[in-house]
Amino acid sequence: MGLQDEDRMNEEDEVDEGGGIHPGDGQQQEEECVISDEDYDTDLELDRFHNERRAYDPTGQSSYKEACKMLNVIPVSYFLRNMNQSEVNMMHYGLGSQGTKALAISLVTNTSILKLNLRDNWMEGVGGAAIADMLKENCYITEIDLSENRMGEYGARALSSMLLENSTLFSLNLSGNHLDERAARHLSPALIGNQKLQHLDLSHNRFGDIAGEILGAAITENTAMKSLNLAWNCIRGKGAIEFAKGLEGNIFLRILDLSYNGLGKEGAVALEEALKHNNTLEDLNISNNRIPLEGAIHLALGLKVNTTLRILKMSRNPMQSAGCFAILKSVQANPETAAEFLEFSDICVDQEFEDLFESTKETLPNLQVKHGGKINAALKKS
C-alpha cells in the first residue's frame, strides 16, 4: 500500500486544523485536577509503548497515530503535517490530558522539533506530567510554552523533577498554571540544580508571600537564569523582602519582571540594597506595585550607585512626580550609570521634573523617559 493510500485511510481519523475540544476529553473544570491511581502510570505507559516500537521513527508520526488509537483520541492533522518542522505552534487545540499524552509519546523520538508551543490546551496536571516525562528523554526541544494549562502542583512537581535531569531546555513558560507556594517548593530545588534553563516565565500564577521567600532563596543560588517573569502574582510584604534579598545575591539574572505584585514600601527598601550590590541586572519592571514616594526615594539611593541597570519601568505606582524626580536625580548623579530608559507611564510630572530631564540630557543624551504627561497639561484637559 502506498503512502497516499495510507494517508487517505487515516484522513477520516484526523482532526482538521484549528482549536476546539476533542471528543473523549470530557468536560474541563476550573479547579485543579483530581489525580487517580491511573494518572501515575504516565511514565510506565510511555516506556511500555516505546518498548513495543521496532521501526526507526525519527519524527514520531507512526507512534503518534498508534498512541492516539491506544488512548482513544483523534489525531491532530496539523501536528502530523508539521512533525518534521523545527517549530510547531499548537495553541488552543484543546488536547486535554489524553491528547497531550499521545503527543508526548511521539515526541520522545522526534528529532526535528526544537521549539514547541502548547499554550492553552487544558492538559492539567496529568498532561503536564506526560510532557515532563517526555522531556526527560527528548534532547532536541530547547523552548516550550506550557502556559494556560492549569497544571497546578501536580504538573509543577513533575516538571521540577524533569528540570533536574534535562540538559537542553533553555526556555520554559509556565504562566497561568495555578501555581502557588506548594508548586514553589517543588520548583526551588530545580532552580538551584538546573544549569541550563535561561528563561522562565511564572507570571499570572498564585505565588504569595511564602512563595516569594522560597523563590528568593532559590534565585540566590541559581547560576543559569538570564530572565525571570513573576508579573501578576501576589508577592508582597515579607515575601517581597526575601525575594529582593535573593536578587541581591544573584550574579546571572539580566531581566526581571515583578510588575503587578504588591512590593510596596518594604519591597522598595529591600530593592535598594539589591540594586547597590547586584552588578548584573539590566532590565527591571516593578510597575503597579503600590510603591509610594518614600519607596521611590529608597530605590533612588540604590540607583545612585548601580552601574548595570539599563531599563527601569515603574509605571502606575503612587509615587507622584516627586518620586519620578528622585529616580531621575539619582541617575543624573551617578557618573557610572547605565540607564537608557525610564518608564513612569500614567504618572504625571511637574515642570521641576521636566527641567531636570533637560539638564540630564546634557550628560546622558541617549536617555529616554516616558511619563504620563505634565501636570498642568493634564489639569487643562480636565
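Okay, hi everyone. Before we start: this is a predicted model, where local features need pLDDT of at least 70, side-chain atom pairs count only at pLDDT 80 or more, and totals for chains, interfaces and linings use all residues. Residues are numbered from 1 along each chain as its sequence is written, and side-chain values use heavy atoms, with hydrogens and water left out.

Let's go inside. A nonpolar core here is a set of buried Ala, Val, Leu, Ile, Met, Phe, Trp, Tyr and Cys residues joined through side-chain atoms within 4.5 Å. Buried means under 20% relative accessible area, exposed means over 50%, and partly exposed is in between, using a 1.4 Å probe and protein chains only. The largest core has 103 residues, and Leu146 and Ile286 are among those with the most contacts inside it. Which helix gives this core its largest share? That's helix 6, residues 124-137, with seven residues. Helices are DSSP runs of H or I with at least four residues, strands are E runs of at least two, and both are numbered from the N terminus.

Now look at serine 259. You'll find serine 259 in the loop between strand 7 (255-257) and helix 11 (264-277). Why does serine 259 count as buried? Because its relative accessibility is 5%. Leaving out residues up to four places away in sequence, serine 259 touches several others, including Trp232 and Ile286; a contact means heavy atoms within 4.5 Å.

Next, a strand pair. Strand 10 (residues 341-344) and strand 11 (residues 368-371) run parallel and are joined by four bridges; to pair, two strands need at least two bridges in DSSP. Glutamate 343 has lysine 370 in strand 11 as its bridge partner.

Last topic: salt bridges. We call it one when a side-chain nitrogen of Lys or Arg is within 4 Å of a carboxyl oxygen of Asp or Glu, and that rule gives 14 of them. Take glutamate 282 and arginine 254, whose closest N and O atoms are 3.9 Å apart. Glutamate 282 sits in the loop between helix 11 and strand 8 (283-285), and arginine 254 in the loop between helix 10 (237-249) and strand 7, so this pair ties together parts 28 residues apart in sequence. Both residues also belong to a salt-bridge network with Arg310 and Glu340. Back in helix 11, glutamate 273 and lysine 276 are three residues apart, about one turn of the helix, and their side chains meet in a salt bridge at 3.7 Å, N to O.

That's my tour, thanks!
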